[in-house]
There are 2 protein chains.
Amino acid sequence: MNMSNLKEFIAINYIDCEPDYAERFEQLFGTRAHAIDRMDGFISMNVLKPTDGQGSYLILSRWETEQHFKAWVGSPEFVEGHKRGFEDITKAKQEGKTPPMKSSFKTYNTISN
Amino acid sequence: MNMSNLKEFIAINYIDCEPDYAERFEQLFGTRAHAIDRMDGFISMNVLKPTDGQGSYLILSRWETEQHFKAWVGSPEFVEGHKRGFEDITKAKQEGKTPPMKSSFKTYNTISN
């Protein structure tokens with residue numbers, strides 16, 4: 001079975017958690033809102049955890065086009081899907097603590113499969 | 001359509017090319033041997049190119065289990081699939097030049113989809 005599509009647009013959100021936040025981070029995704037699933041052009045997503053426990057988690061989402069991805073980033077579903085994580089970050093800031101996670105989006109075109 | 005599987009094992013080979021090798025790198029994958037496709041437990045692969053032209057290419061392969069991935073790394077298919085790239089690296093070494101690309105494998109478990 002090979003369902004990959006040469007035209008896919010891929011976004012990876014690289015997440016670095018504070019060590020004591022990793023369990024909460026995994027729990028957030030284990031009970032995620034599935035808001036992204038309703039977006040037009042959304043294909044699938046996966047949360048990838050390094051097998052050696054080192055480095056970033058990768059949240060990988062696959063889209064029919066870049067425009068579909070950009071529409072999601074500006075959508076109410078994006079806010080809904082990140083609600084609890086954003087709240088955790090805001091709370092840490094208000095308490096003068098280190099943010100529990102940092103995220104960095106990077107986007108990719110599929111050039112071969 | 002959501003074909004992602006919560007049990008998937010993911011390997012990402014992060015490739016940093018010398019600037020003048022990028023075109024050759026893309027051409028190698030555009031005409032790849034498809035040796036990996038014959039491996040038991042192989043699901044799919046994609047080559048991801050950063051949309052901003054900065055940073056590593058990602059060669060992402062999806063496997064039924066870690067054991068299937070490890071069997072590939074030790075297989076004749078692995079050598080066959082990397083033949084031309086390995087030759088380019090060997091040639092640069094023999095000529096005392098900088099290797100045209102560096103690769104770094106990192107592996108992941110899928111914890112949510």
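Select chains A and B together: a rotation of 180 degrees with 0.0 Å of shift along its axis superposes chain A on chain B, at an RMSD of 0.0 Å. (The superposition is by least squares on the C-alpha atoms of residues with pLDDT of at least 70 in both copies.) This is the relation of a two-fold axis.

The model is predicted: local features need pLDDT of at least 70 and side-chain atom pairs count only at pLDDT 80 or more, while totals for chains, interfaces and linings use all residues. Residues are numbered from 1 along each chain as its sequence is written, and chains are lettered from A and ligands numbered from 1 in the order in which they are written.

**The interface**

Next, select the residues between the chains. 28 residues of chain A are in contact with 28 residues of chain B, where contact means that the C-beta atoms, placed from the backbone, lie within 7 Å. On the side of chain A that touches chain B, the elements giving two or more residues are α1 (22-30), β2 (42-50) and β4 (101-112) of chain A. Helices (H or I, at least four residues) and strands (E, at least two) are DSSP runs, numbered from the N terminus. β2(A) has the largest share of that side, eight residues. Coloured by type, the side of chain A that touches chain B shows twelve nonpolar, twelve polar and four charged residues. Here Ala, Val, Leu, Ile, Met, Phe, Trp, Tyr, Cys and Pro count as nonpolar, Asp, Glu, Lys and Arg as charged, and the others, Gly among them, as polar. Of the interface residues of chain A, 100% are also interface residues in chain B, so the copies meet through the same surface.

**Across the chains**

Show β2(A) with strand β4 (residues 101-112) of chain B: the two pair in the antiparallel sense over four bridges. Strands pair if DSSP finds at least two bridges between them. Pick Val47(A) here; its bridge partner in β4(B) is Ser112(B).

**Within chain B**

Move to strand β1 (residues 9-17) of chain B. With strand β3 (residues 57-63) of chain B, β1(B) forms an antiparallel pairing over seven bridges. Ile10(B) is opposite Arg62(B) in β3(B). β1(B) also pairs with β4(B), again in the antiparallel sense, over nine bridges. Asn13(B) is opposite Phe105(B) in β4(B).

**Last stop**

Select Ser44(B), in strand β2 (residues 42-50) of chain B.

Terms used: Two residues are in contact if their C-beta atoms, placed from the backbone, lie within 7 Å.
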